[in-house]
Amino acid sequence: MIAIVDYDTGNLRSVCNAIERIGAEYCVTSDAAIIGAAERVLLPGVGEASSAMEKLRERGLAEVIKGLTQPVLGICIGMQLMCRYSEEGGVDCLGIFDADVRRFTPDRGRGVKVPHIGWNSIENLRSPLFEGIDEGAFVYFVHSYAADVCADAIACSINGRRFAAALCRGNFYGTQFHPEKSGDVGEALLRNFLKIE
Amino acid sequence: MVAKRIIPCLDVKEGRTVKGVNFVGLQDVGDAVELGRMYAAQGADELVYLDISATHEGRNTFTSLVERIARGINIPFTVGGGISSIDDAARLLDVGADKISINSAAVRRPQLIDEIASKYGSQFVVLAIDAKMVDGRWLITTHGGRRLTPRELFEWAREGQERGAGEILLTSMEHDGTRSGYPCDLFARLSQQLSIPIIASGGAGSADDIAEVLSAGRADAALAASIFHYGDITVKELKQMLHDRGIKVRL
């Protein structure tokens, strides 16, 4: 069973639909006991980082997530909340990944837009999460803030500056992109996540 | 660098896709979910579904269609047509829409952009603008181009960005459905003034037109309907051609 953490940050539907498409069992929950007992945990999220962090804390889930020992995958804001600090709302986050999250700078002359919306290629893939996925594969991003490249980075991408497209430390994984919206590549990644011991 | 996006647009009426030339003379071209899945398999980067029956009946039909689309399609999709309140937006978000596009209702009440963006994030809000050249100035129209407003395009687009729109979907009503090419100078000028992505719409008659608006027109994405629906070129062929011309696309 996969626990999809519900902390009231917008649409969980697309993540649920994607898990259904690959035929896995899931439940949507904010219950600490269910999250703790799940085989795997997904932390989705859209919206603004500091309010999302506050909602996680309000529900007493910040410490619960930090203490998990099963495979955990944060998606987009979910990944950013697992970093040290986010410039969005100036908020201290869970501090699982050794990275800070900073805003992109638009550069009209070079065609760098903010938000970074669309399909971008990912490189320097180094994780079982990317098994069977080629260097340079395209995945779907929607965000204005991004984690810096650091020792925990397992994939990188570029939007004006180079940033961490995915992070991993121990049993914790995070993708800045949306595997649930990244076509066949995204589905392959979610399947890989289900296989991680 | 992010790839340029190719976005087939599907007009929906009673759960079926249609496309009209200049919005008149509709012709049924198929089931909305199946057609969307076909485009996704061909390499479409996103899909846009516009409910053209929204102002009349058929709104509930569209909502349940959106739910089916969200289950069946693994790429992002935007829905639009008749969204005039935060409740309309919430209803579509709840059934799985990734983004909504708002048009006339935002012109009527610009705060709608702020309301939806602050509640659900800018990434959820596409501001659709239908523009028309009148006496040398680009002005905004509403109601599918039928009503001309005194609002100036560039000023409205900048205001939309400031209010929290995540993308601008710009259609030239002079060119829409005519398949005579995009006004590239217009798109290039707008692109220089905004930091958010611009989706070019209306007028694609050939792969060359799309290549031009993505390069000279500096658009971040191109939305088209007729050339795909009538089978002139597949999404896959188009993207290969763009790639061959040095335009970064996802193949």
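Tutor: Let's start with a definition: a disulfide is a pair of cysteine sulfur atoms within 2.5 Å. Keep in mind that this is a predicted model.

Student: Thanks! By this rule, what does the count of disulfides come to over all chains?

Tutor: Take C150(A) as an example: the nearest cysteine sulfur belongs to C83(A) and is 7.2 Å away, and C150(A) is in no disulfide. Over all chains, the count by this rule comes to 0.

Student: Is C156(A) buried or exposed?

Tutor: The cut-off for buried is under 20% relative accessible area. C156(A) has 6% relative accessibility, so C156(A) counts as buried.

Student: Let's move to the two chains. How many residues does the contact take from chain A and from chain B, and what is the area buried between them?

Tutor: The contact takes 32 residues from chain A and 39 residues from chain B. Carbon and sulfur atoms give 50% of the area buried between the chains, and that area is about 2800 Å².

Student: Which three residues supply more than any other three of the area that chain A buries against chain B?

Tutor: Three residues together supply 25% of the area that chain A buries against chain B, more than any other three. They are R108(A), K113(A) and W119(A).

Student: Which residue of chain A forms a salt bridge with R71(B)?

Tutor: Between chain A and chain B the count is 4 salt bridges. In the one formed by R71(B), the closest N and O atoms are 3.0 Å apart, and the partner is E20(A).

Student: Which element gives the most to the side of chain A that touches chain B?

Tutor: Across this interface, 24 residue pairs are in polar contact. The elements of chain A that give two or more residues to this side are α1 (13-21), β8 (116-121), β9 (138-143) and α6 (183-195). With 6 residues, the one that gives the most is β8(A).

Student: Last one: how far apart in space are S144(A) and F104(A), C-alpha to C-alpha?

Tutor: S144(A) lies in the loop between β9 and β10 (145-147) of chain A, and at 17% relative accessibility S144(A) counts as buried. Among the residues that S144(A) touches are R103(A), F104(A) and V114(A). S144(A) and F104(A) are 40 residues apart in sequence, yet their C-alpha distance is 5.9 Å.

Definitions and conventions:
Residues numbered from 1 in each chain as written. Chains lettered and ligands numbered in written order. Predicted model: local features only at pLDDT ≥ 70, side-chain atom pairs only at ≥ 80, totals over all residues. Heavy atoms only, no water. Contact = heavy atoms within 4.5 Å. Buried area = accessible area lost by both parts, 1.4 Å probe. Salt bridge = Lys/Arg side-chain N within 4 Å of Asp/Glu carboxyl O. Polar contact = N/O pair within 3.5 Å; in protein donor to acceptor, adjacent residues only side chain to side chain. Helix = DSSP H or I, 4+ residues; strand = E, 2+ residues; numbered from the N terminus. Buried < 20%, exposed > 50% of the residue type's maximum accessible area, 1.4 Å probe, protein only. Lists of a residue's contacts leave out its neighbours within four places in sequence.
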